[in-house]
Amino acid sequence: MLTLVLSSLFLSFFIAISFKFLKADGDFTLLSKKHVKREEIEDKVIWITGASRGIGEVLAKKLASLGAKLIISARNEAELQHVKKQITGKHAPHDVMILPLDLTLGEDYLREAVEKAESFFGGSGVDYMFHNAAFERPKTTALDVTEESLKATFDVNVMGPISLTRLLAPYMLKRGRGHFVVMSSAAGKAPAPGQAVYSASKFAVNGYFHTLRSELCLKGIKVTIVCPGPVVTSTSSGASVSDQKGSVEKRVSSERCAELAIIAASHGLKEAWISYQPVLAVMYLVQYMPTVGYWLMDKIGAKRIEAAAQKGNTYSMSLLFGKKKE
């Protein structure tokens, strides 16, 4: 009985706090940091995967403006060249190195890429590795996913970052310093109905990198895992994902997401959440009151899949409280 009362009080307090910070776009610890620690970024060598568009492109521009030396990677070299031309900063464009990269081509290929990255800038080595490349197929139910989609998602989201880290970390260990920043997802913290395989890949990568940090933190290796909720990202045509879907989902801008990710990394946060409500509240519930959080996700699961099929708002509070329209 006492447990039930305490749980109810905690839930009431949590809801009150959630509404008080209704406009918050990050977790409490992250937002308390306010500003980037520039000294942690300036003159550092930062390698970014998935840098040809979206959050990766914005990360590159912001990090360069803070005085970082960059290695930018993605599969499309022409798009990387386009990004490089737009980058300005203390070391740009002369110290912005382009390194085409396909995370699915195996360890021999990735080993060569790591050796090239380590040889740039007079062999000073990589200080930060931003794992930003990601693969996300259109929403599908857990039972409808194909073997092809499963493999493609895990190759890019899990196997690629892990293999790259295993090859790069020994260089960092020799120097006694290094920082991995993993652009994960809210789907790696809470269930994502309609995105089971994507969610599974993000849970997997979170587990690996949290473990890596606990094993190597005393040897100078840092890990920051960033978990954004819905973010406005651009395609090669320049249209936003939300515009293409015609939805009214409330999304954090790519610029704000990148800014908060850099703040988290510069302060050495172990994990950071970036999202508006209701996603942020759901993450807190699943983290601190899992029974309630998973009950909530069970309640909206089928409705979210239906909303996705209709190209509607898959993050709306109406999924929980709204009535089904005829």
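Good morning, everyone. Please keep in mind throughout that the structure on the screen is a predicted model, and let me begin with the chain as a whole before we turn to its parts. The chain has 326 residues, of which 49% count as buried, and its secondary structure comes to 12 helices and 9 strands. If we take the contacts in the chain with a separation of 6 or more, 71% of them are accounted for by residues 24 or more positions apart.

Let us look at the sheet. It is an open sheet of 7 strands, paired in the parallel sense, and if you read across it the order is β3-β2-β1-β4-β5-β6-β9. The strands at the edges are β3, residues 96-98, and β9, residues 271-274, and because each has a single partner strand, one side of each is left without a neighbour in the sheet. From one strand to the next, the twist averages 15 degrees.

Now I would like to stay for a moment with β4. How do its residues face? In a regular strand, the side chains alternate between the two faces of the sheet. In β4, Tyr 128 and Phe 130 lie on one side while Met 129 and His 131 lie on the other, and as all four are buried, both faces of the strand are covered. On one flank, β4 pairs with β1 in the parallel sense over 3 bridges, and there Ile 48 stands opposite Phe 130. The strand also pairs with β5, again in the parallel sense, over 4 bridges, with Val 181 in β5 as the bridge partner of Phe 130.

Helix α3, residues 54-65, touches β1, β2, β4 and β5, and its direction makes about 170 degrees with that of β1. Helix α7, residues 196-216, touches β4, β5, β6 and β9, and its direction makes about 155 degrees with that of β6.

That brings us to helices packed against helices. Two packed helices are described by the angle between their axes and the distance between the axes. For α6 and α7 the angle is about 15 degrees and the axes are 9 Å apart; these helices are therefore roughly parallel to each other. Their crossing is right-handed, and the residues of this contact divide into 15 nonpolar, 4 polar and 2 charged.

Helix α6, residues 147-175, also packs with α5, residues 107-123, at an angle of about 40 degrees and with the axes 10 Å apart, so that α5 and α6 are oblique to each other. This crossing, too, is right-handed. Among the residues that meet here are Leu 110 and Val 114 in α5, and Leu 164 and Tyr 171 in α6. What kinds of residue make up the contact of α5 with α6? They divide into 6 nonpolar, 2 polar and 6 charged.

Methods: Residues are numbered from 1 along each chain as its sequence is written. This is a predicted model: local features need pLDDT of at least 70, side-chain atom pairs count only at pLDDT 80 or more; totals for chains, interfaces and linings use all residues. Side-chain values use heavy atoms; hydrogens and water are left out. Two strands pair if DSSP finds at least two bridges between them. Helices (H or I, at least four residues) and strands (E, at least two) are DSSP runs, numbered from the N terminus. Axes are lines fitted to C-alpha atoms, for helices over the stretch in contact, and angles run from 0 to 180 degrees between N-to-C directions. Contact means heavy atoms within 4.5 Å. Angles under 35 degrees count as roughly parallel, over 145 as roughly antiparallel, 65 to 115 as roughly perpendicular and the rest as oblique. A crossing is left-handed if the near helix is turned anticlockwise from the far one by less than a right angle, and right-handed if clockwise. Ala, Val, Leu, Ile, Met, Phe, Trp, Tyr, Cys and Pro count as nonpolar, Asp, Glu, Lys and Arg as charged, and the others, Gly among them, as polar. Buried means under 20% relative accessible area, exposed over 50%, partly exposed in between (1.4 Å probe, protein chains only).
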